[in-house]
Amino acid sequence: MSKNLFLCGHTGSDNRGCEAIVRSTVKLFKEAGLKNKPALATSGVSQDKAAGVNELCEFISYNTYKSSLQRYFYAGVRKVSSNPIPGQNIIQKDLWKAIKPSDLSLAIGGDTYCYKGPTVFIAHNKKMEKKAVPSVLWCCSIGKEYITKNVLEDLKRYTYIVAREPYTYDALVESGIEKEKILRCCDPAFMLERKECPLPEGFEEGNTVGLNISPLVKNEEVYRAVEFLIEKIIKDTDMKICLVPHVYNAVPTESGDLKLLREFYNKYLDTGRISIVDKNYTCEELKFIISKCRFFVGARTHSTIAAYSTMVPTLVLGYSIKSLGIAKELFGTEKGYVLPYTDIKEEDYIYNAFADIMKNEREIKEHFKKVLPDYTKTVKDVVDTLYSKYLGD
């Protein structure tokens with residue numbers, strides 16, 4: 001009987017971190033022995049085609065409700081019955097029809113359970129339990145504060161939960177998840193390949209600070225501290241600065257990075273020291289650009305993973321448990337490597353931390369050389385385990 005891999009819960013490749021998880025996960029399973037083209041359950045088919053993900057996966061599109069009346073009806077059913085399945089029978093119909101007990105389901109939204117009401121995931125996991133399909137929550141991050149009674153019930157349904165950093169592992173164990181059901185490894189995007197592309201005009205290879213700022217961390221204090229950082233780099237060093245988005249939108253909106261990055265670009269354009277990535281590069285191309293930086297300062301988790309994995313000394317503007325946990329796993333501590341954005345109150349706060357990164361440049365690169373081989377092997381080992389257990393001959 002044919003055994004297939006299903007990647008479920010993908011929201012679309014405009015978020016290059018989501019694209020990176022898909023690409024690197026497929027690559028790892030192919031290296032483990034997977035021959036069939038995986039299926040990607042996605043709500044962003046057009047985004048995925050634009051990014052070229054169709055070359056790797058067959059698409060199963062999440063359906064939409066036929067009318068607003070149907071949407072409101074099933075929202076009411078879900079509220080009254082606390083059962084997400086009825087409406088999801090429409091949205092996930094094609095996925096649930098295709099997947100079989102001989103297949104393997106990976107729920108790939110790494111931090112989905114950190115947001116309110118992960119209805120798609122809960123409904124899918126219930127359905128997988130009913131259909132006796134092995135179901136894995138893939139490389140997730142989740143703080144203990146998000147593990148409510150309903151979420152805990154759902155997490156216990158998974159065949160395995162793969163935690164990508166120690167704080168999530170501890171939260172799961174403390175909440176009552178059996179240790180035997182929890183696997184540990186790094187985020188698969190550490191294994192993402194680089195694809196060469198033109199560097200932005202004005203980018204100086206090996207002497208540029210890459211900078212990713214997300215609306216997720218935008219407030220008045222952060223904005224001013226980023227300005228201060230840029231101004232100090234321009235004034236006190238000979239380095240260039242490149243603004244790098246990691247979440248795109250066809251039309252820039254508050255959820256994408258480009259609109260905010262363009263504000264900084266326009267403000268400092270006349271210095272001749274700043275450039276911007278404003279083309280729709282794939283995650284592999286963005287990783288190539290980031291790898292050519294001397295330093296990186298980033299908010300989006302997968303932009304910083306692109307930097308870490310190419311041994312670029314990095315300062316993270318953190319907004320969730322995942323950035324703290326990944327840094328702790330890599331360095332033994334998050335202190336000095338992650339600044340929770342809510343702690344940024346003074347205009348020199350980011351620059352002072354960045355100055356320490358600059359001072360320790362050589363030591364950080366040497367540390368990467370020592371730890372990255374064993375660290376990245378962890379995700380290969382987990383994929384090999386899952387493949388041999390569920391998809392191998």
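Analyst: Let's start with the side chain of serine 24, which reaches the backbone oxygen of isoleucine 21 at 3.4 Å. Please keep in mind that this is a predicted model. A polar atom of that serine 24 side chain also lies 2.5 Å from the backbone oxygen of alanine 20. Where does serine 24 sit? You will find serine 24 in helix α1, which covers residues 16-32. In general, an α-helix has 3.6 residues a turn, so residues three or four places apart point the same way.

Is serine 24 buried or exposed? Serine 24 counts as buried because its relative accessibility is 0%, and the cut-off for buried is under 20%. Setting aside residues up to four places away in sequence, serine 24 touches Pro188, Ala189, Met191 and Leu192.

Now look at phenylalanine 29. Apart from neighbours within four places in sequence, phenylalanine 29 is in contact with Leu5, Leu34, Leu104, Leu106, Val383, Leu386, Tyr387 and Leu391. Phe29 also belongs to the largest nonpolar core, which has 101 residues. Phe29, Leu106, Trp138, Phe354 and Leu386 are the residues that touch the most other members of this core. Helix α15 (residues 361-391) gives the core its largest share, eleven residues. There is also a second, separate core of 20 residues, with Cys114, Leu155, Tyr169 and Ile177 among them.

Next comes the sheet. Seven strands make up an open sheet with parallel pairing, and their order is β3-β2-β1-β4-β5-β6-β7. At the edges are β3 (58-61) and β7 (182-184), each of which pairs on one side only. On average, neighbouring strands of this sheet are turned by 25° against each other, ignoring direction. Serine 105 stands opposite serine 135 of β5.

One last stop is helix α3, residues 68-81. How far apart should its ends be? With 14 residues at 1.5 Å a residue, helix α3 should span 20 Å, and this agrees with its end C-alpha atoms, which are 20 Å apart. Following α3 you meet serine 82, which has a positive phi, near 55°.

How values were computed. Residues numbered from 1 in each chain as written. Predicted model: local features only at pLDDT ≥ 70, side-chain atom pairs only at ≥ 80, totals over all residues. Heavy atoms only, no water. Helix = DSSP H or I, 4+ residues; strand = E, 2+ residues; numbered from the N terminus. Buried < 20%, exposed > 50% of the residue type's maximum accessible area, 1.4 Å probe, protein only. Polar contact = N/O pair within 3.5 Å; in protein donor to acceptor, adjacent residues only side chain to side chain. Contact = heavy atoms within 4.5 Å. Expected span 1.5 Å × (residues − 1). Core = buried A, V, L, I, M, F, W, Y, C linked by side-chain atoms within 4.5 Å. Pairing = 2+ DSSP bridges. Axes fitted to C-alpha atoms, helices over the stretch in contact; angles between N-to-C directions.
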